[in-house]
Amino acid sequence: MRQYLLVRLGLVIPNIFVLLTLVFLLLRVAPGDPISAALGGRLPPEVLAERRAAAGYDRPLIVQYFDYLGDVLRFDLGTAVSDNRPVTTILSINGGATISLAVSAIIIAIVIGLPLGLLAARYRNSVFDVVVRIFGILTYAAPVFFVGVIAITIFTGMLGWLPSGQQAGPIYQATVEAKTNIFLLDALLAGNGEAFVDGVEHIIMPAVTLGLLVMGVLVRMIRVNVAQTLRDDYVEAARARGIPERRVVFHHAFRNAMVPFVTVLGLQVALLLSGAILTESTFSWPGVGSELVRYINARDYVAVQGIMTMVALAVTLISFLIDLVNALIDPRVRY
């Protein structure tokens with residue numbers, strides 16, 4: 001295990017290097033520089049030239065690249081040109097909302113998707129299996145914004161059951177002190193039960209909408225892997241020994257399906273950003289995705305680069321953790 005851990009750690013460094021290089025180059029494809037893109041036409045030419053020189057954008061590209069790598073090593077992700085806010089401040093304020101939304105979506109996807117996939121595999125080719133397969137295809141194929149708009153129309157517009165935007169109502173947002181920037185956690189820390197319930201009501205629709213995106217993949221993957229395992233010889237041998245079917249499914253088939261399940265789940269977490277951007281925009285959720293869209297519209301490439309850099313680092317860390325969990329579940333992965 002120690003050797004496997006050292007090898008994986010050794011691969012993390014080149015992965016980070018490649019991702020950071022791609023982030024830097026992709027944002028340099030646009031014509032001009034970040035200062036001119038964000039403030040061009042709004043400042044006199046001489047002031048614009050001073051701002052470009054102060055930010056180092058008049059230097060050769062290779063020098064800017066190594067400056068960028070040095071800043072990342074110091075965890076300096078830059079300062080947004082359009083509103084002069086450090087990117088680390090943006091991430092600390094808005095990151096809590098994105099984390100709470102992503103974690104809620106993953107929990108919903110696992111709690112609902114996992115048993116659906118297992119039962120569909122257990123009762124393969126039954127009516128229940130067909131319904132689950134159709135559900136998996138629809139939830140995977142349906143656009144996030146389309147599901148979000150339908151949910152808002154029904155549960156907010158027609159039924160009036162759930163609010164459609166923000167982490168909580170204005171009264172609770174004003175009374176609950178932001179200690180972690182995760183509203184539900186801050187409400188608990190403040191001992192404010194009414195604010196916590198209000199926060200839960202606000203997060204239900206965006207979390208379910210985003211969770212459906214992940215759930216469709218998990219249901220299909222679990223069903224296929226468990227169904228294949230249930231046909232293996234060692235599973236038939238377990239049945240022949242009189243082991244109850246429930247134990248066969250959960251202790252034999254599902255355990256072998258855990259490695260691909262964890263891998264796919266980790267990849268879905270990494271891909272949640274694209275879904276989170278659309279979900280946050282649809283539900284006016286004040287997360288990093290909403291901020292990223294705002295900075296893209298403002299052509300503030302410094303802020304976009306800083307946020308994308310943080311995403312690249314998070315994806316690398318998630319990938320590393322997935323490999324560790326897989327190695328713990330199945331020792332064959334270490335070799």
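## Exercises on a predicted model

Leu-48 is found in helix α3, which spans residues 45-55, where helices are DSSP runs of H or I with at least four residues, numbered from the N terminus. The model is predicted, so that local features need pLDDT of at least 70 and side-chain atom pairs count only at pLDDT 80 or more, while totals for chains, interfaces and linings use all residues. Residues are numbered from 1 along each chain as its sequence is written, and side-chain values use heavy atoms, with hydrogens and water left out.

**Exercise 1.** Determine whether Leu-48 is buried or exposed.

*Solution.* Buried means under 20% relative accessible area, exposed over 50%, and partly exposed in between, with a 1.4 Å probe and protein chains only. Leu-48 has a relative accessible area of 13%, and therefore Leu-48 is buried.

**Exercise 2.** Find which residues Asp-198 is in contact with, leaving aside its neighbours within four places in sequence.

*Solution.* Begin with the place of Asp-198, which lies in helix α10 (residues 193-229). Contact means heavy atoms within 4.5 Å, and the residues that Asp-198 touches, apart from those neighbours, are Gln-167, Ala-168, Gly-169 and Tyr-172.

**Exercise 3.** Describe how helices α5 and α10 cross.

*Solution.* The axes, which are lines fitted to C-alpha atoms over the stretch in contact, with angles from 0 to 180 degrees between N-to-C directions, come within 6 Å for α5 (residues 87-122) and α10, and cross at roughly 35°. The residues of this contact divide into 24 nonpolar, five polar and one charged, where Ala, Val, Leu, Ile, Met, Phe, Trp, Tyr, Cys and Pro count as nonpolar, Asp, Glu, Lys and Arg as charged, and the others, Gly among them, as polar.

Terms used: Helices (H or I, at least four residues) and strands (E, at least two) are DSSP runs, numbered from the N terminus.
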